[in-house]
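Here is a report on side-chain packing and charge pairing. Please keep the structure in view while reading.

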Amino acid sequence: ALNRLYAYASAMDVDDVAEISTEELKVLMKKVFGKDAMCRVLVSIALEGQNNAEKLNDTGKMLYGKFTEFFLEDLSDYKKADIQDFFDLYIEQRKRAESYGHDYKRRIDFTALMESEKKYDRIINVLKDMEDSDEIKYLR
C-alpha cells in the first residue's frame, strides 16, 4: 500500500506534497485503513527499509519523510502498554525477517531517539525499559 502512495506522490508537485501536514496525513491514513488497523499500518511504516527511500523521486522522498513524522507523532500518542505492544510486534517481524536472511536497515533507528530531544517521551520511556535486553538490537 505504501508503494502505491509513493507512486501517486511521484505524479504530484513537490510543493503540494510539502504542504501536507502530519495531521492531514493522520486523518487520511485513519480513513483509508481504519482506526483498528493503525497499529499494523505503523508497523508497516516502521519496517520499511531505508533503501526504499533511495529509489524514490523528490516527491516520494518527501512523502517518505512525512510518513516518518506521522509515524513518530502517532505512536507517541499511544499509551505506554500500546507502545510496548507495537515494539513487541515490530521485533517479532524483524526476527522473522532475520530468520529468512532478509533483515536490513529500517526506516528508523529507534535507539537514536533515546539520545534525541524529549519530543517523543512515551516512546523513549519504553525504549529505556528495553535498553538492557537482547532485543534492543532489533530496534537499530
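## Aromatic pairs

Two rings of Phe, Tyr or Trp count as a pair if their centres lie within 6.5 Å. By this rule the model, which is predicted, holds 9 aromatic pairs.

One of them joins Phe71 and Phe86.

Phe87 and Phe110 make another pair. Their centres are 5.0 Å apart and their planes stand at 90 degrees, so this pair is edge-to-face. The pair links distant parts of the chain: Phe87 sits in helix 7, Phe110 in helix 8, 23 residues apart. Phe87 has a relative accessible area of 0% and is buried. Phe110 is buried too, also at 0%. Phe71, Phe86, Phe87, Tyr90 and Phe110 form one aromatic cluster.

## The nonpolar core

In soluble globular proteins, nonpolar side chains tend to be buried together. Here, the largest nonpolar core contains 41 residues. Those with the most contacts inside this core are Phe71, Leu75, Phe86, Phe87, Phe110, Ile123 and Leu139. Elements that each give two or more residues are helix 1 (2–10), helix 3 (22–33), helix 4 (38–47), helix 6 (58–76), helix 7 (80–99), helix 8 (110–113) and helix 9 (121–130).

What does Phe87 touch, leaving aside its neighbours within four places in sequence? Its contacts are Leu75, Phe110, Ile123, Val126, Leu127, Met130 and Leu139.

## Arginines over rings

Arg106 is found in the loop between helix 7 and helix 8. Is Arg106 buried or exposed? Its relative accessible area is 6%, which is under the 20% limit, so Arg106 counts as buried.

The side chain of Arg106 has several partners. Arg106 lies over the face of Tyr104, 4.0 Å from the ring centre. Its side chain reaches the backbone oxygen of Leu47 at 2.6 Å. A polar contact joins it to the side chain of Asp103 at 3.0 Å. Beyond neighbours within four places in sequence, Arg106 is in contact with residues including Glu48, Gln50, Tyr90 and Arg94.

Arg107 also meets a ring: its charged end sits over Tyr64, 3.9 Å from the ring centre.

## Salt bridges

Side chains of opposite charge can pair when their charged atoms come close. The count in this model is 10 salt bridges.

Lys26 and Asp77 meet at 3.0 Å, N to O. Lys26 is in helix 3, Asp77 is in the loop between helix 6 and helix 7, and they are 51 residues apart. Lys26 is buried at 15% relative accessibility, whereas Asp77 is partly exposed at 48%. Lys26, Lys30, Asp74 and Asp77 are linked in a network of salt bridges.

Glu73 and Lys119 form a salt bridge at 3.9 Å, N to O. Glu73 lies in helix 6 and Lys119 in the loop between helix 8 and helix 9, 46 residues apart. Glu73 is partly exposed at 29%; Lys119 is exposed at 58%.

Lys80 forms a salt bridge with Asp129, the closest N and O atoms being 2.8 Å apart. Lys80 is in helix 7 and Asp129 in helix 9, so the bridge ties together parts that are 49 residues apart in sequence. Lys80 is partly exposed at 49%, and Asp129 is exposed at 52%.

Terms used:
Residues numbered from 1 in each chain as written. Predicted model: local features only at pLDDT ≥ 70, side-chain atom pairs only at ≥ 80, totals over all residues. Heavy atoms only, no water. Core = buried A, V, L, I, M, F, W, Y, C linked by side-chain atoms within 4.5 Å. Buried < 20%, exposed > 50% of the residue type's maximum accessible area, 1.4 Å probe, protein only. Helix = DSSP H or I, 4+ residues; strand = E, 2+ residues; numbered from the N terminus. Contact = heavy atoms within 4.5 Å. Phe/Tyr/Trp six-rings, centres within 6.5 Å; stacked < 30°, edge-to-face > 60°. Lys NZ or Arg CZ within 6 Å of the ring centre and 35° of its normal. Polar contact = N/O pair within 3.5 Å; in protein donor to acceptor, adjacent residues only side chain to side chain. Salt bridge = Lys/Arg side-chain N within 4 Å of Asp/Glu carboxyl O.
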